[in-house]
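Take a walk through this two-chain model.

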Amino acid sequence: GENVEQHPSTLSVQEGDSAVIKCTYSDSASNYFPWYKQELGKRPQLIIDIRSNVGEKKDQRIAVTLNKTAKHFSLHITETQPEDSAVYFCAALSGGGADGLTFGKGTHLIIQP
Amino acid sequence: SAVISQKPSRDICQRGTSLTIQCQVDSQVTMMFWYRQQPGQSLTLIATANQGSEATYESGFVIDKFPISRPNLTFSTLTVSNMSPEDSSIYLCSVAQQGSTGELFFGEGSRLTVL
């Protein structure tokens, strides 16, 4: 089955700086890579995703890049704000969607004022 | 996105008892999944809830411990049987809407504490 590794486990950045979270996956058949944000006590919320037929996707301050050859993808947050503080999970989907998502272990992003 | 309602939102349970969590979606969905999130941990897939047939369980999860029902396209239940303190977790229902290609949305979760 799929295996997703996520780094770092904790990331602290100054407000206004950029944050980058990286993930690798093992199954070359995986074709969908979402990122979820989970605030304390809340459900995971989908913030951005990318499919294997594109290399980059951007939505305002958030971008995701995918390198299929190396089997890794990254989340980039620019101009970080206090409300960006949360746990971020990457995930990968294989099996045509029938198998559910495999999640990374999460990154606790802390935005320092 | 679909509105996903889970209940109970939280419960405190005694060791050895069982609890059933319900997940109701406001629209028909193709896939329904149950995840577990232990304190401070990531999300682990328990099983895929299949309409009208037995659920498909991931390695490490068995039907006797986590029986699942899905009688129709909008409703599913997960039972945590014979609970022990190690079952204290958040259990999350997630769904993929008809016509989507991968996007999963999550319910609010059910936080279980087993004493």
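**Backbone, interface, interior**

Lys71(A) is partly exposed, with a relative accessible area of 25%. Here buried means under 20% relative accessible area, exposed over 50%, and partly exposed in between, with a 1.4 Å probe and protein chains only. This is a predicted model: local features need pLDDT of at least 70, side-chain atom pairs count only at pLDDT 80 or more, and totals for chains, interfaces and linings use all residues. Residues are numbered from 1 along each chain as its sequence is written, chains are lettered from A and ligands numbered from 1 in the order in which they are written, and side-chain values use heavy atoms, with hydrogens and water left out.

Stay with Lys71(A). Its phi is positive, about 55 degrees, although Lys71(A) is not a glycine. The residue sits in the loop between β7 (62–67) and β8 (72–77) of chain A. Helices (H or I, at least four residues) and strands (E, at least two) are DSSP runs, numbered from the N terminus. Glu79(A) is another non-glycine residue with a positive phi, near 45 degrees. Its place is the loop between β8 and β9 (86–93) of chain A. Glu79(A) counts as exposed, at 53% relative accessibility.

Why do these backbone features deserve a look? Most residues other than glycine have a negative phi, and most peptide bonds are trans. Now turn to the peptide bonds. The one from His7(A) to Pro8(A) is cis, with omega near -5 degrees. Pro8(A) is in the loop between β1 (4–7) and β2 (10–14) of chain A. Chain B has a cis bond between Lys7(B) and Pro8(B), with omega about 0 degrees. Pro8(B) lies in the loop between β1 (4–7) and β2 (10–13) of chain B.

Next, the interface. Chain B brings 21 residues to the contact and chain A brings 19 residues. Contact means heavy atoms within 4.5 Å. Together the chains bury about 1500 Å², 52% of it on carbon and sulfur atoms. Buried area is the accessible area (1.4 Å probe) that two parts lose on being put together, summed over both.

How many salt bridges link chain B and chain A? The count is two. A salt bridge needs a side-chain nitrogen of Lys or Arg within 4 Å of a carboxyl oxygen of Asp or Glu. Glu103(B) forms one with Arg51(A), with the closest N and O atoms 3.2 Å apart. Glu103(B) is in the loop between β9 (89–97) and β10 of chain B. Its contacts, leaving out residues up to four places away in sequence, include Tyr32(A), Leu46(A) and Asp49(A).

On the side of chain B that touches chain A, β4 (29–37), β5 (43–49) and β10 (105–106) each supply at least two residues. β4(B) gives the most, with four residues.

Last, Ser76(B). It is in strand β8 (residues 75–80) of chain B. Is Ser76(B) buried or exposed? Ser76(B) is buried, at 0% relative accessible area. Its side chain makes a polar contact with the side chain of Trp34(B) (3.0 Å).

Key
A polar contact is a pair of N or O atoms within 3.5 Å; within protein, one must be able to donate a hydrogen and the other to accept it, and residues adjacent in sequence count only if both atoms are side-chain atoms.
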